[in-house]
Amino acid sequence: MQTDSTQAAANERIELALGDITSEHVDAIVNAANSGLRGGGGVDGAIHRAGGPEIMAQCREIGYCAPGEAVITGAGRLPARFVIHAVGPVWKGGGADEELLLASCHERALELAREHGCRTVAFPAVSTGAYGYPPELAAPVALAATIEALKRLPRIEKVRFVFVDEGLLDTYERALARLRTHAQ
Ligand code: APR
């Protein structure tokens, strides 16, 4: 059984911030990718633009990633060492395993980070853009999955969630505060 101190330690390793994830100086940044790893708009477009063609070349070699899973490539010109391409679910109203898939892509991303020796990781708000997941529903799922994974992965020291707008930051801050209250 997990102790309360383990829970608190996992909570405290999460930071929320405003910014552009491509500028993050962490070991790995997470991309909100599609299954074909073909690139796109949103955070995916920003990462490939800033990181250069090397990332897409590696994505083509990998070829596919199922929803709820994640794959890893180098980070090209980005300050991070790795890009972890996580495929979140497309929001279909909540009855198509969206919660499960959103949680598992966070867990898989963190497991991959650990397998590659990463101690710091940055996530965007996966699925909340083009994939339409309502942020107020995505936030508690993403954060709770991250806390659970961090309990199992003590060598990951810090996970930063990075948002482009203050509304999203506020939504995730409120969800994290509720999770922290429940953990006490
Ligand atoms: N840094 C941090 N967050 C960003 C950035 C950035 N540079 N750019 C966009 N975002 C935020 C968006 O505001 C949104 O809240 O990332 C969140 C996720 O949105 P999307 O990038 O649209 O990702 P998602 O909803 O998971 O949809 C994935 O979109 O771009 C395509 O190829 C991608 O097909 C895939 C789909």
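Buried, in these notes, means under 20% relative accessible area, exposed means over 50%, and partly exposed is what lies in between, with a 1.4 Å probe and protein chains only. I am working on a predicted model, in which local features need pLDDT of at least 70 and side-chain atom pairs count only at pLDDT 80 or more, while totals for chains, interfaces and linings use all residues. Residues are numbered from 1 along each chain as its sequence is written, and side-chain values use heavy atoms, with hydrogens and water left out.

**Entry 1: A50 and helix 2**

I looked up A50 and found that A50 counts as partly exposed, at 32% relative accessibility. A50 lies in helix 2; helices here are DSSP runs of H or I with at least four residues, strands are runs of E with at least two, and both are numbered from the N terminus. Taking contact as heavy atoms within 4.5 Å, I find A50 in contact with T22, R77 and L78, once its neighbours within four places in sequence are left aside. I also checked A50 against L112: the two are 62 residues apart in sequence, and their C-alpha atoms are 22 Å apart in space.

Which residues of helix 2 are buried? I list D44, G45, A46, I47, H48 and G51, and I note that strand 2, helix 3 and strand 4 are included in what covers them. Just after helix 2, G52 takes a positive phi of about 90°.

**Entry 2: helix 2 against helix 3**

I then followed the packing of helix 2 (residues 42-51) on helix 3 (residues 53-62), where the angle is about 120° and the axes are 6 Å apart. The axes are lines fitted to C-alpha atoms, for helices over the stretch in contact, and the angles run from 0 to 180 degrees between N-to-C directions. Angles under 35 degrees count as roughly parallel, over 145 as roughly antiparallel, 65 to 115 as roughly perpendicular and the rest as oblique, and helix 2 and helix 3 are therefore oblique to each other. On the helix 2 side the contact is made by I47, H48 and G51, and on the helix 3 side by P53, I55, M56 and C59.

I traced an open sheet of 6 strands in the order 1-6-5-2-4-3, with mixed pairing; two strands pair if DSSP finds at least two bridges between them. Strand 1 (14-18) and strand 3 (70-74) stand at the edges with a single partner strand each, so one side of each is left without a neighbour in the sheet. From one strand to the next, the twist averages 25°.

How many residues of strand 4 are buried? I count 5 of its 5 residues as buried, and both faces are covered, with F82, I84 and A86 on one side and V83 and H85 on the other. Strand 2 and strand 4 run parallel and are joined by 5 bridges, N31 standing opposite H85. Strand 3 pairs with strand 4 in the antiparallel sense over 5 bridges, and here A70 stands opposite A86.

**Entry 3: cysteines**

I searched for disulfides, meaning a pair of cysteine sulfur atoms within 2.5 Å, and the structure holds 0. C59 is in no disulfide, the nearest cysteine sulfur being that of C65, 9.5 Å away; C59 is buried, with a relative accessible area of 1%. The sulfur of C105 is 8.7 Å from the closest cysteine sulfur, in C65, which is too far for a bond, and C105 counts as buried at 1% relative accessibility.

I noted a positive phi near 55° at L37, a residue other than glycine. L37 lies in the loop between strand 2 (28-32) and helix 2, and is buried with a relative accessible area of 2%. D97, also other than glycine, has a positive phi near 65° and is found in the loop between strand 4 and helix 4 (98-115).

Last, I looked at N11 in helix 1 (residues 4-12), which counts as buried at 5% relative accessibility. Not counting residues up to four places away in sequence, N11 touches I147, R180 and A183.
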